[in-house]
Amino acid sequence: MGMKMKSNVTDLLIELRKMMTDLEYPIEQPINASFLDSLTKKRRKTASPILDQIGNETCLLLVNQPDYTKFIEKMDGFEYNGLTMFSLSIPEPIVKNLFIMNEFYRNNDYLDPELQERLVIGEDGMSLFTYDTKMNLFEIRDNASSESIYGSFDNFTDFLREILDTVA
């Protein structure tokens, strides 16, 4: 793909959309504005402490990483060539949903301490893509042993460019 280092998230998303269209991958709708708005508001408590925690972390992701918000305003998640970014609003099983996936990672028989502390925002065959709210970092982690970090990024654009380079 040979992206220019200076490209911004909008350019990257135009490129992604073109790659997806060329290979006839479906393109998800943008996130609904009122749903997005509700995600960034002060959280109401639900019956599930785990979902409350995921909701709070998602709020931090949206507030701290405006390029991530721009991404979901263009397409709410995607699946391309084995690369998946979870949707915030589309229900499973149509696409993988961030809330459902994270609820699973935090509430199953084998609890991975690395994933208790981070939002999993996507994956490919070998890696999990996480967002660390405390450090405000996107990370590419080994799917099999999540304490191994392949890459760490302080902004969504650099992170997205890196993962797209693996499939372009």
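1. The radius of gyration is taken here over C-alpha atoms, and the rule for a globule is 2.2 Å times the number of residues to the power 0.38. For 168 residues a compact globule would have a radius of gyration near 15 Å, and the protein has 15 Å, which agrees. Along its principal axes the C-alpha trace spans about 45 × 35 × 30 Å.

2. The model is predicted: local features need pLDDT of at least 70, side-chain atom pairs count only at pLDDT 80 or more, and totals for chains, interfaces and linings use all residues. Residues are numbered from 1 along each chain as its sequence is written, and side-chain values use heavy atoms, with hydrogens and water left out.

3. On secondary structure, the protein has seven helices and six strands. Helices (H or I, at least four residues) and strands (E, at least two) are DSSP runs, numbered from the N terminus. Along the sequence their pattern is α-α-α-α-β-β-α-α-β-β-β-β-α.

4. On burial and surface, 48% of the 168 residues count as buried. Buried means under 20% relative accessible area, exposed means over 50%, and partly exposed lies in between (1.4 Å probe, protein chains only). The protein exposes about 8800 Å², of which carbon and sulfur atoms supply 55%. These areas come from the Shrake-Rupley method with a 1.4 Å probe; for residues, only the protein chains shown count as cover.

5. On charge, there are 17 positive and 28 negative side chains, and the centres of the two sets lie 8 Å apart. Lys and Arg count as positive and Asp and Glu as negative, while His and the chain ends are not counted. The place of a charge is taken as NZ of Lys, CZ of Arg, CG of Asp or CD of Glu.

6. On contacts, which mean heavy atoms within 4.5 Å, residues 24 or more positions apart account for 50% of those with a separation of 6 or more.

7. Which residues touch the most other members of the largest nonpolar core? They are Tyr 68, Phe 78, Met 85, Ile 121 and Phe 159, in a core of 42 residues. Helix H1 (residues 9-22) gives the most to this core, with six residues. A nonpolar core is a set of buried Ala, Val, Leu, Ile, Met, Phe, Trp, Tyr and Cys residues joined through side-chain atoms within 4.5 Å. Leaving aside residues up to four places away in sequence, Phe 159 touches Met 85, Ile 121, Phe 129, Phe 138, Glu 139, Ile 140 and Phe 153.

8. Leu 61 belongs to helix H3 (residues 49-64) and is buried, with a relative accessible area of 0%. Beyond residues up to four places away in sequence, Leu 61 touches Tyr 68, Leu 119, Ile 121, Tyr 131 and Phe 138. Leu 61 and Leu 128 are 67 residues apart in sequence, and their C-alpha atoms are 17 Å apart in space.

9. Phe 71, in helix H4 (residues 66-74), is buried at 0% relative accessibility. Not counting residues up to four places away in sequence, Phe 71 touches Leu 13, Gly 77, Phe 78, Met 85 and Phe 156. The C-alpha atoms of Phe 71 and Leu 13 are separated by 7.2 Å, although the two residues are 58 residues apart along the chain.

10. Leu 98 is found in helix H5 and is buried, at 0% relative accessibility. Apart from neighbours within four places in sequence, the contacts of Leu 98 include Ile 54, Thr 58, Tyr 68, Leu 119 and Ile 121. By contrast with these residues, Glu 15 lies in helix H1 and is partly exposed, at 26% relative accessibility. The C-alpha atoms of Glu 15 and Leu 164, 149 residues apart along the chain, are separated by 9.7 Å.

11. Most residues other than glycine have a negative phi, and most peptide bonds are trans. The peptide bond from Glu 92 to Pro 93 is cis, with omega near 5°, and Pro 93 lies in the loop between strand E2 (83-85) and helix H5 (98-106). Asn 81, in the loop between strand E1 (78-80) and E2, has a positive phi near 55° and is partly exposed, with a relative accessible area of 39%. Asn 136 also has a positive phi, near 55°; this residue is found in the loop between strand E4 (127-132) and strand E5 (137-142) and counts as partly exposed at 25% relative accessibility.
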